[in-house]
Amino acid sequence: INKISSSIKNSSRIKKHLDLLFSDPNSDPYIHNQLIAVISTAIINKTDWGNEQHIEKLTYAAMFHDLEIMDRPDLIELRNYADVERKDPSSSDLTLIENHARNSSLFMQDFPDLPLGVESIILQHHGNANGIGFAEKINPAKLSKLTLVFLIAESFVHILMKARKLKSLS
């Protein structure tokens, strides 16, 4: 995270994103991203092939995968089309939801010092190789190992976040 922070000096949009993210350590987006980074790291540490570069890539992906919707915590929690249907978003929100992975990935391609492959993890973080919409079925043969680790970590985080929200309602 320190490396990410030191790399943002030349991008006001990324700095704005991180300022928003780190402004409230109790916010759902902050907890969501931090947990993905921590859980991804734990998974990588349990593999026989993982290394520090993989952890770095997954941490970057965790911080920036929802760049396009960071100011919309209500959209970050959507994981599939069933969630989207329950939310019944406006057409502009639906376009934003469906394209945020692709748009975040495209934006990050210009990020200075971005480790190779991070933009692919961001692009595919909903299981689609093209970064548009949500995969109904994930095809592991079409995604990298790191993307699969990210998907597992993010799925677990969404379960934790739902439980956290339910607990706060009771």
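Is Phe-22 buried, exposed or partly exposed? Phe-22 is partly exposed, with a relative accessible area of 30% (buried is under 20%, exposed over 50%, partly exposed in between, with a 1.4 Å probe and protein chains only).

1. Basis. This is a predicted model, in which local features need pLDDT of at least 70 and side-chain atom pairs count only at pLDDT 80 or more, while totals for chains, interfaces and linings use all residues. Residues are numbered from 1 along each chain as its sequence is written, and side-chain values use heavy atoms, without hydrogens and water.

2. Aromatic pairs. There are two aromatic pairs (ring centres within 6.5 Å; planes under 30 degrees apart are stacked, over 60 edge-to-face, the rest tilted). Phe-22 and Tyr-30 have ring centres 5.6 Å apart and planes at 70°, so this pair is edge-to-face.

3. Tyr-81 and Phe-134. These rings are also edge-to-face, with centres 5.2 Å apart and planes at 85°. Tyr-81 lies in helix α6 (residues 81-87) and Phe-134 in the loop between α8 (118-123) and α9, 53 residues apart. Tyr-81 is partly exposed at 29% relative accessible area, whereas Phe-134 is buried at 5%.

4. α3 and α4. Helix α4 (residues 52-64) packs against α3 at about 160°, with the axes 8 Å apart. The two helices are therefore roughly antiparallel (over 145 degrees; under 35 is roughly parallel, 65 to 115 roughly perpendicular, the rest oblique). The contact (heavy atoms within 4.5 Å) includes Ile-36 and Ala-37 of α3 and Leu-58 of α4.

5. α3 and α9. The axes of α3 (residues 28-45) and α9 (residues 145-169) come within 8 Å and cross at roughly 135°, so these helices are oblique to each other.

Notes:
Axes fitted to C-alpha atoms, helices over the stretch in contact; angles between N-to-C directions. Helix = DSSP H or I, 4+ residues; strand = E, 2+ residues; numbered from the N terminus. Phe/Tyr/Trp six-rings, centres within 6.5 Å; stacked < 30°, edge-to-face > 60°.
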